[in-house]
Amino acid sequence: MKYIRKVMAAGLAIVFLIAVVIGTGVILSVRNVNVSFIDYSGAYKEEFEAVRSGLNKLKGSGLLFVGSDDIYGTVTAEEYLAVDGYEKKFPCTVNVVIRERVETFALRTLSGYKIYDERGKLIKSVPEADESPKNRIDGCPDVLLRCAETQVEGVAALCREFESNFGCFRRIVESVTAEKYLELKVATFVLRNGLKITVSEWETDGAQKIKKACETYSLLSDAQRTGGTITVAESKENGGVVSKYSPS
């Protein structure tokens with residue numbers, strides 16, 4: 001009899017466990033998939049709708065088992081769209097943000113150019129042409145990069161600081177170079193109007209240095225903005241970052 005009671009108790013425990021698992025699966029199944037789109041050009045609405053449709057297929061899945069592969073795998077137009085982030089909100093919701101990838105940089109290679117988005121992520125490679133690549137949406141030239149491939153993401157982050165302070169980037173910047181000069185790491189922005197901005201040791205306090213460059217730029221006349229150089233560097237004497245303009 002004791003053996004029978006033990007078997008019955010084990011059976012009931014298994015049934016209870018199965019019921020708990022099934023119940024939890026029902027309670028924590030995905031019912032809502034909220035998808036938002038960071039759209040810059042309006043050119044990829046069809047591709048976005050395809051991603052939204054793919055993400056809606058997550059409904060009914062167990063929220064606990066939804067992972068990054070399930071989210072990122074729905075973006076088939078990777079040249080144009082990317083997952084900006086996602087979160088699982090218990091008990092039954094997944095929030096996903098999709099962003100348009102903005103073609104921004106062109107890095108010269110032996111066989112042509114590598115094209116990167118605004119975050120320094122590779123979009124594609126294109127063969128060498130008679131002129132530098134142009135953005136397929138607005139036809140404006142991509143910003144030329146001169147740096148190591150391993151530096152692209154860091155340079156792109158500095159360029160986002162530039163855009164945040166100056167209010168635009170691709171429209172006014174022709175090229176960005178990151179190189180060593182007398183043991184200093186220097187980033188040089190060549191503007192389309194002829195002005196140069198050099199940032200010394202750009203990997204350190206880049207945001208503050210770009211802000212100083214913008215402050216100096218805002219004080220220049222239209223004539224001064226067509227040439228010369230704004231130099232930004234750390235100053236031990238002044239105890240901080242200094243920026244000054246030098247005419248050509």
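1. Phe162 is buried, at 0% relative accessibility. Here buried means under 20% relative accessible area, exposed over 50%, and partly exposed in between, using a 1.4 Å probe and protein chains only. This is a predicted model: local features need pLDDT of at least 70, side-chain atom pairs count only at pLDDT 80 or more, and totals for chains, interfaces and linings use all residues. Residues are numbered from 1 along each chain as its sequence is written, and side-chain values use heavy atoms, leaving out hydrogens and water.

2. Phe162 has a ring partner, Phe166, and the two are stacked: 4.0 Å centre to centre, 5 degrees between the planes. Rings of Phe, Tyr and Trp (its six-membered ring) pair if their centres lie within 6.5 Å; planes under 30 degrees apart are stacked, over 60 edge-to-face, and the rest tilted. Both residues sit in helix α4, 4 residues apart, which is about one turn of the helix. Helices (H or I, at least four residues) and strands (E, at least two) are DSSP runs, numbered from the N terminus. Phe166 is buried too, with a relative accessible area of 14%.

3. Tyr72 and Tyr86 are edge-to-face, 6.4 Å centre to centre, with 80 degrees between the planes. Tyr72 lies in helix α3 (residues 68-72) and Tyr86 in strand β2, so the pair ties together parts 14 residues apart in sequence. Tyr72 is partly exposed at 42% relative accessibility. Tyr86 is partly exposed at 30%.

4. Now the core. A nonpolar core is a set of buried Ala, Val, Leu, Ile, Met, Phe, Trp, Tyr and Cys residues joined through side-chain atoms within 4.5 Å. The largest one has 34 residues, and Phe162, Phe169, Val176, Phe189 and Ile197 touch the most other members. Helix α4 gives the largest share, 7 residues. A second, separate core has 17 residues, including Phe48, Ile71, Leu81 and Val96.

5. Look at β9. Of its 8 residues, 6 are buried, so the strand is largely enclosed by the rest of the structure. It pairs antiparallel with β8 over 8 bridges; two strands pair if DSSP finds at least two bridges between them. Glu179 stands opposite Val186 in β9. The hairpin of β8 and β9 has 2 residues between the strands, and Leu182 in the turn has a positive phi of about 55 degrees. On to β10: β9 joins it through 5 bridges, again antiparallel. That hairpin has 4 residues between the strands, with Gly194 at a positive phi near 110 degrees.

6. A further sheet is open, with 3 strands in the order β1-β3-β2 and mixed pairing. β1 (32-38) and β2 (81-89) are at the edges with a single partner strand each, so one side of each has no neighbour in the sheet. β1 and β3 (residues 93-100) run parallel over 7 bridges. Ser36 has Val97 as its bridge partner in β3.

7. What about disulfides? A disulfide is a pair of cysteine sulfur atoms within 2.5 Å. The search of the whole structure finds 0. For Cys159, the nearest cysteine sulfur is that of Cys147, 9.0 Å away. Cys159 is buried, with a relative accessible area of 2%.
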